[in-house]
Amino acid sequence: MSKLLVTGKNKLYGETFVQGAKNSALPILAASLLTNGENLIFNCPKLSDVEASCEILRYLGCNVKRYDDTMIVNATYVDSFDIPDELMRKTRSSIVFMGAVLARMGRAKLSLPGGCEIGHRPIDMHLKALKMMGAVIREKHGYLNCSAPKGLHGAKIALPFPSVGATEDIMVAASTANGTTTITNAAREPEICDLAEYLNSCGARVYGAGEGTIVIDGVDKLTASKHTIIPDRIVAATLMSCAAVTSSQITLKGVIPSHLSSVIPVFEEAGCRVICNKNEINFIAPSVIKSMKTIRTMPYPGFPTDAQAVLMAASSVANGTTVFVENIFENRYRHISELVRMGANIKTEGKVAIVEGVKSLYGANTNATDLRGAAALVVASLCAEGKSEISGVKYLERGYESFEQKLSALGADIKKI
């Protein structure tokens with residue numbers, strides 16, 4: 001088991017490139033299953049979640065290769081429709097393969113997905129939508145047995161909540177379905193737009209991505225294409241949090257500032273200067289950041305739930321009180337007990353967390369239990385007095401590519417053992 005050793009209080013300085021977005025790469029890899037020919041997917045991050053998706057593609061019969069940050073996926077000779085339990089359990093996003101396999105093979109057999117235990121993430125919306133599109137789904141012995149006896153067809157689907165995963169699953173399945181599919185109350189995240197751009201480059205007809213209503217006109221087939229994954233806005237927010245707690249100045253390269261429109265004002269409220277150019281952010285933190293008042297997580301374009309943990313770690317050393325309201329996942333405060341172990345003053349009641357900033361955290365042995373919680377512990381350790389040891393690095397590696405190397409290059413005292 002890997003651990004991170006961090007000695008705090010080092011300032012960060014310099015520039016760093018932000019990796020490709022995990023939450024774009026995973027559905028795009030799944031969608032490549034519908035294509036014939038060789039896909040070139042650029043800026044694809046080296047993550048355990050990405051490798052888990054590639055393992056699924058290989059099992060199904062795809063030829064998958066990586067050259068640095070480029071994935072080459074050829075799904076011309078897909079010959080399987082079942083995904084073993086051990087592969088499904090490796091990543092939560094594996095559920096998006098349900099629509100892709102069903103659309104490609106006319107049937108699919110897969111178990112429920114794995115991933116971080118951050119709260120109730122039902123797949124009811126996925127199942128209901130696919131049934132509306134002509135799928136027959138039976139659950140038995142922990143497996144979902146799906147078939148489309150007459151093929152998938154278009155449908156009018158109103159989501160009760162703008163679920164990112166359900167929106168993606170429907171978009172992929174509808175791309176080659178017979179007729180037109182309309183998704184109302186669709187998720188609007190940049191990753192949804194990125195998936196639509198990839199699908200359209202393959203010959204799909206997806207309209208309205210990034211808005212509340214998405215329309216997909218089904219086509220007969222999709223052809224492989226070239227696509228560049230967008231930068232990861234959550235990794236960018238994490239790096240800004242690292243700079244904020246260490247009174248540092250860093251430059252983020254290869255970012256899309258508009259994707260951080262709900263995050264940047266929070267840092268500015270904390271006293272940080274955030275200077276945005278076309279694909280670059282220059283971030284300058286004060287000697288001590290100020291409290292951020294109230295942060296409410298909401299579906300995009302609201303404040304992202306994935307950035308809540310790292311901002312909470314930053315607010316732990318802010319001057320004043322910050323209130324967090326977690327509206328997306330009910331179990332996304334698991335990192336709090338570990339931050340308290342480091343000296344943070346945090347009280348919770350239901351979905352509300354009240355953070356009273358302290359002058360300094362202190363190093364401790366901590367244990368990460370989920371992806372974003374692991375990132376929060378890294379942020380806290382960078383500003384803590386003394387040395388910290390972070391266990392559960394496997395969670396961090398689900399979403400952050402060589403993060404300790406990136407921070408070390410900026411001046412942090414951090415290494416993996």
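**Packing and backbone details**

User: In which strand does Thr 251 lie?
Analyst: This is a predicted model, for which local features need pLDDT of at least 70 and side-chain atom pairs count only at pLDDT 80 or more, while totals for chains, interfaces and linings use all residues. Residues are numbered from 1 along each chain as its sequence is written, and side-chain values use heavy atoms, with hydrogens and water left out. Helices (H or I, at least four residues) and strands (E, at least two) are DSSP runs numbered from the N terminus. The run that spans residues 249-253 holds Thr 251, and this run is strand 17.

User: Is Thr 251 buried or exposed?
Analyst: Buried means under 20% relative accessible area, exposed over 50%, and partly exposed in between, with a 1.4 Å probe and protein chains only. Thr 251 has a relative accessible area of 14%, so this residue counts as buried.

User: With the side chain of which residue does the side chain of Thr 251 make a polar contact?
Analyst: Contact means heavy atoms within 4.5 Å, and beyond its neighbours within four places in sequence Thr 251 is in contact with Gly 14, Glu 15, Thr 16, Glu 280, Ile 281 and Asn 282. A polar contact is a pair of N or O atoms within 3.5 Å; within protein, one must be able to donate a hydrogen and the other to accept it, and residues adjacent in sequence count only if both atoms are side-chain atoms. At 3.2 Å, the side-chain partner of Thr 251 is Asn 282.

User: The side chain of Thr 322 reaches the backbone nitrogen of which residue?
Analyst: Thr 322 is found in strand 21, residues 321-325, and counts as buried because its relative accessibility is 0%. Leaving out residues up to four places away in sequence, Thr 322 touches Ser 291, Met 292, Lys 293, Ile 295, Ser 315, Ala 353, Ile 354 and Val 355. The backbone nitrogen that its side chain reaches, at 3.0 Å, belongs to Met 292.

User: How are helix 8 and helix 10 oriented to each other?
Analyst: Axes are lines fitted to C-alpha atoms, for helices over the stretch in contact, and angles run from 0 to 180 degrees between N-to-C directions. The axes of helix 8 (residues 233-245) and helix 10 (residues 308-315) come within 9 Å and cross at roughly 5 degrees. Angles under 35 degrees count as roughly parallel, over 145 as roughly antiparallel, 65 to 115 as roughly perpendicular and the rest as oblique. Helix 8 and helix 10 are therefore roughly parallel.

User: How many charged residues does the contact of helix 8 with helix 10 have?
Analyst: Ala 237, Thr 238, Ser 241 and Val 245 in helix 8 meet Val 310, Leu 311, Ala 313 and Ala 314 in helix 10. Ala, Val, Leu, Ile, Met, Phe, Trp, Tyr, Cys and Pro count as nonpolar, Asp, Glu, Lys and Arg as charged, and the others, Gly among them, as polar. By class, the contact of helix 8 with helix 10 has six nonpolar residues, two polar residues and, of charged residues, none.

User: What is the geometry of the aromatic pair of Phe 267 and Phe 283?
Analyst: Rings of Phe, Tyr and Trp (its six-membered ring) pair if their centres lie within 6.5 Å, and planes under 30 degrees apart count as stacked, over 60 as edge-to-face and the rest as tilted. By this rule the count comes to two aromatic pairs. In the pair of Phe 267 and Phe 283, the centres are 5.3 Å apart and the planes stand at 90 degrees, which is edge-to-face.

User: How many residues apart are Phe 267 and Phe 283?
Analyst: Phe 267 is buried at 1% relative accessibility, and Phe 283 is buried at 0%. Phe 267 belongs to helix 9 (residues 264-269) and Phe 283 to strand 19 (residues 280-284), so the pair links distant parts of the chain, with a separation in residues of 16.

User: What is the geometry of the aromatic pair of Tyr 400 and Phe 403?
Analyst: Tyr 400 is buried, with a relative accessible area of 2%, and Phe 403 is buried, also with a value of 2%. Their rings are 4.9 Å apart centre to centre, with 55 degrees between the planes, and the pair is tilted.

User: What is the omega of the peptide bond from Tyr 300 to Pro 301?
Analyst: Pro 301 lies in the loop between strand 20 (293-296) and helix 10. The peptide bond from Tyr 300 to Pro 301 is cis, with omega near 15 degrees.
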